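This report describes the pockets of one protein model. The sequence and structure come first.

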Amino acid sequence: MPRYRLTALFLAIALAAGGAGSACKGKRPPVARPTQPPPDMDPTSGRPPAPPEPIAEAPPVTVPPEPSVSSADMGSLDDINKKGILAPVFFEFDSAEMSSDGQALLAKNAETMKQYPTWVVSIEGHCDERGTAEYNLALGERRALSVRQYLVSLGIAAERLRTVSYGKEFPFDPGHGESSWARNRRANFVVTAK
């Protein structure tokens, strides 16, 4: 075998042996080091502490309902309605939106209805004489529904409230001027069951 081949072979073996050795020398196996137990852990038992005891919640506070006033001593349904205990709400021309005065009045009506929780009330929508019968029936219905929705938002049960529209058929004031018309644009309340 020629000498240069023998030298090359010898050199290749030496490099392979030296490279493998240096590669192994650079990597060291990981060493496990002891760790300290967490500060809450009991070092003698090796277990974490028991979870804290749950805090007992206080029972909910129940507010007794306000005693309702009996409507028996108020007389018949006709007597109740004649007394005008539930005041009507008035509207602007061609509108079913309530004014702030109307909302305040409905808040008072709602308080009265809460005192008499057995009352069933019919909300009647009315209009003035201007406009067609069909238009006024629709406007009266929107007024009655607007009042009903507001009373429900104040805490009156929806099943206690009925709505009906009379349009311009039953004016409160038979006059033909603005003061009469303003009194006819309303939502009336009629107690239908107690």
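A pocket is an open set of points on a 1 Å grid over the protein atoms alone, with protein on both sides within 12 Å along at least five of seven lines; lining residues have an atom within 4 Å of a point. The model is predicted: local features need pLDDT of at least 70, side-chain atom pairs count only at pLDDT 80 or more, and totals for chains, interfaces and linings use all residues. Residues are numbered from 1 along each chain as its sequence is written, and side-chain values use heavy atoms, without hydrogens and water.

The lining of the second largest pocket includes Pro-88, Val-89, Phe-90, Phe-91 and Glu-92, and also Glu-97, Met-98, Ser-99, Asp-101, Gly-102 and Leu-105. At least two of the lining residues come from each of β1 (89-90) and α3 (100-115); helices (H or I, at least four residues) and strands (E, at least two) are DSSP runs numbered from the N terminus. With 3 residues, α3 gives the most to this lining.

Around the largest pocket are Ile-80, Asn-81, Gly-84, Ile-85, Leu-86, Pro-88, Trp-119, Phe-172, Asn-188, Phe-189, Val-190 and Val-191. Two or more of these residues come from each of α2 (77-83) and β4 (186-193), and β4 has the largest share, 4 residues.

How values were computed
1 Å grid on protein atoms, 1.4 Å probe; cavity = no way out; pocket = protein on both sides within 12 Å on 5 of 7 lines; lining within 4 Å.
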